[in-house]
Amino acid sequence: MIETPFRLPRRQRRPWRVIVAMADSTRRARIARALRDKGCRVVPVHDGGQLLERLSAAILEDDPLGRPDLIVTDVELNGCSALSVLSGARDLGWDTPFFLVVRFNDQATAENAFALGADRVFERPVDPQELATAAHTYLLGREPVGRRR
């Protein structure tokens, strides 16, 4: 089967910027690859400290990549909790979408994530293609970060 190369939608002038924060390097790489296949520019980070550094730089507008269009993170990160990062981002008024990955059948954490403002929650093991398709569909319905008011 021959696949048609992915093309950015006409209204999208640049690739979506997505941070993928996962301690598991294999899971991080698979999700990053699936998102790149959907036309995203992916910034992989391996722990909570790196995620906080990237977001701090974006807040201070010191990051050449700019503010991310989406953050995909495992809820369990070394260095800090993804739920704390999500809560802090929402407290700052950021509406950047967060997709969180939680343990299988961890309903309490999923409910807490939604209460804090998560946009989507996926259970492990997550299918990278399913996540990337959900991200693509979700982002198609949003204004680019630079155009939100």
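Predicted model: local features only at pLDDT ≥ 70, side-chain atom pairs only at ≥ 80, totals over all residues.

The points below take these topics in turn.

1. Cysteines. The structure contains 0 disulfides. C40 has a relative accessible area of 8% and is buried. C80 also counts as buried, at 18% relative accessibility; the cut-off for buried is under 20%.

2. Main core. The largest nonpolar core has 24 residues, and the members that touch the most others are I19, L51, L55, F98 and L100. At least two residues each come from the strands β1 (17-21), β2 (41-45) and β4 (98-102), and from the helices α2 (48-59), α3 (82-91) and α4 (107-116). Helix α3 gives the largest share, 5 residues.

3. Surroundings of F98. Neighbours within four places in sequence aside, F98 contacts L70, I71, T73, V85, L86, A89, R90, A118, D119 and R120. Two of these, R90 and D119, return in point 8 as a salt bridge.

4. Another core, of 21 residues, lies apart from the largest one. Its members include A32, F99, F122 and A132.

5. R67 and D95. Side chains of opposite charge can pair when their charged atoms come close. The structure has 6 salt bridges. In one of them, the side chains of R67 and D95 meet at 3.0 Å, N to O. R67 sits in the loop between α2 and β3 (70-74) and D95 in the loop between α3 and β4, so this pair ties together parts 28 residues apart in sequence. R67 is partly exposed at 24% relative accessibility, and D95 is partly exposed at 35%.

6. R103 and E76. These side chains form a salt bridge at 2.5 Å, N to O. The pair links distant parts of the chain, 27 residues apart: R103 is in the loop between β4 and α4, and E76 is in the loop between β3 and α3. R103 is partly exposed, with a relative accessible area of 47%; E76 is partly exposed at 35% relative accessibility.

7. R90 and D119. The closest N and O atoms of this salt bridge are 3.1 Å apart. R90 belongs to helix α3 and D119 to the loop between α4 and β5 (120-123), so far as position goes, and the pair links distant parts of the chain, 29 residues apart. R90 is partly exposed at 22% relative accessibility, as is D119 at 23%.

8. Network. Which residues are joined through salt bridges that share partners? R27, D74, E76, R103 and R124 form one such network.

Methods
Residues numbered from 1 in each chain as written. Heavy atoms only, no water. Disulfide = S-S within 2.5 Å. Buried < 20%, exposed > 50% of the residue type's maximum accessible area, 1.4 Å probe, protein only. Core = buried A, V, L, I, M, F, W, Y, C linked by side-chain atoms within 4.5 Å. Helix = DSSP H or I, 4+ residues; strand = E, 2+ residues; numbered from the N terminus. Contact = heavy atoms within 4.5 Å. Salt bridge = Lys/Arg side-chain N within 4 Å of Asp/Glu carboxyl O.
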